[in-house]
Amino acid sequence: MPTDPAKLRIVLYPDPVLRAKAKPIPAITDEVRAVAQRMLQLMHEAPGVGLAAPQVGLNWRLFVASPSTDPNDDMVFINPVLSAPGRELEDYEEGCLSIPQVTGEIRRPKAITVEAIGLDGATFRLTSDELPARVWQHEFDHLEGTLILDRMTPMDRMACERQLKELETDYHGKSKRR
Ligand code: ZN
């Protein structure tokens, strides 16, 4: 197995993997299943309501989400596609597990449809105009290399400048020590 799921960790801004466009998953292998389980675990530990594969350093089109802390609500989305964005837009404060202590009001369509493949290999389609719709759009952005930093207002972006600089210093400091 090329990826050891136990070794996966949440990677932080400005790791370049967060900026890459992720690639479709060709087949649902044991590796994919194990990675998805590990991602759900990391998401709950964080705690968060969604986590995309680039956030654990994998260039895969996969994200996991759970609108609650109940493991029964855990969902895995493989090769997801968004469609039918609602015309109504909504501002909502978002954070990101890869950009700690940074939040911003992000405007997105309130309603969206997602179609994806589940771990069982079956394609499913869901529509929401509540928190899941927000999470799906945020996580899908990660697969395109888009972060909340790209979508926040100039005011919010300015307000987090200092924290971003700190994250950049941490990241580059760490890579220099290696
Ligand atoms: Zn995020």
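1. Which strand is V114 found in? V114 sits in β6, residues 112–117. Before going further: this is a predicted model, in which local features need pLDDT of at least 70 and side-chain atom pairs count only at pLDDT 80 or more, while totals for chains, interfaces and linings use all residues. Residues are numbered from 1 along each chain as its sequence is written, and side-chain values use heavy atoms, with hydrogens and water left out. Strands here are DSSP runs of E, at least two residues, and helices are runs of H or I, at least four residues, numbered from the N terminus.

2. Staying with V114, its relative accessible area is 0%, so it is buried. (Buried means under 20% relative accessible area, exposed over 50%, and partly exposed in between, using a 1.4 Å probe and protein chains only.) Leaving out residues up to four places away in sequence, V114 touches F77, P80, V81, L82, F124, R125, L126 and W136; contact means heavy atoms within 4.5 Å. V114 and Q137 are 23 residues apart in sequence, and their C-alpha atoms are 8.9 Å apart in space.

3. Now some rings. A search of the whole structure turns up three aromatic pairs. One of them is F63 with F77, stacked at 4.7 Å centre to centre with 25° between the planes. F63 belongs to strand β2 (residues 62–65) and F77 to strand β3 (residues 75–83), so this pair ties together parts that are 14 residues apart in sequence. For the cut-offs, rings of Phe, Tyr and Trp (its six-membered ring) pair if their centres lie within 6.5 Å, and planes under 30 degrees apart are stacked, over 60 edge-to-face, the rest tilted. F63 is buried at 0% relative accessibility, and F77 is buried with a relative accessible area of 0%. Ring pairs link F63, F77, F124 and W136 into a cluster.

4. On to the zinc ion. Which protein atoms are its donors? They are C96 (SG), H138 (NE2) and H142 (NE2), lying 2.0 to 2.3 Å from the zinc ion. Along the chain, the spacing of these donors is C-x41-H-x3-H. C96 lies in the loop between β4 (89–95) and β5 (103–109) and H138 in helix α2 (residues 131–143), so the pair ties together parts 42 residues apart in sequence. C96 is buried, with a relative accessible area of 8%, and H138 is buried as well, at 9%. One caution: donors are N, O and S atoms within 2.8 Å of the metal (3.2 Å for Na, K and Ca), and water is not among the atoms, so sites may look incomplete.

5. What about disulfides? The structure holds zero of them, a disulfide being a pair of cysteine sulfur atoms within 2.5 Å. C160 is in no disulfide, and the nearest cysteine sulfur, that of C96, is 12 Å away. C160 counts as buried at 5% relative accessibility.

6. Next, the largest nonpolar core, with 18 residues, of which M39, W60, L62 and V64 touch the most other members. The elements giving two or more residues to this core are α1 (30–45), β2 and β3, and α1 gives the most, with seven residues. A nonpolar core is a set of buried Ala, Val, Leu, Ile, Met, Phe, Trp, Tyr and Cys residues joined through side-chain atoms within 4.5 Å. Not counting residues up to four places away in sequence, M39 touches L51, A52, A53, V56, L62, F63 and V64. Apart from this core lies another, of 15 residues, among them V17, I106, I148 and L167.

7. A check on α1: at 1.5 Å a residue, its 16 residues should span 22 Å, and the end C-alpha atoms are 23 Å apart, which agrees. The expected span is 1.5 Å times one less than the number of residues. The buried residues of α1 are E31, V32, V35, A36, R38, M39, L40, L42 and M43, and what covers them includes β1 (50–52), β2 and β3.

8. Finally, two loop residues. S68, in the loop between β2 and β3, is partly exposed with a relative accessible area of 27%. The C-alpha atoms of S68 and I78, ten residues apart along the chain, are separated by 20 Å. T146, in the loop between α2 and α3 (148–151), is buried, with a relative accessible area of 19%.
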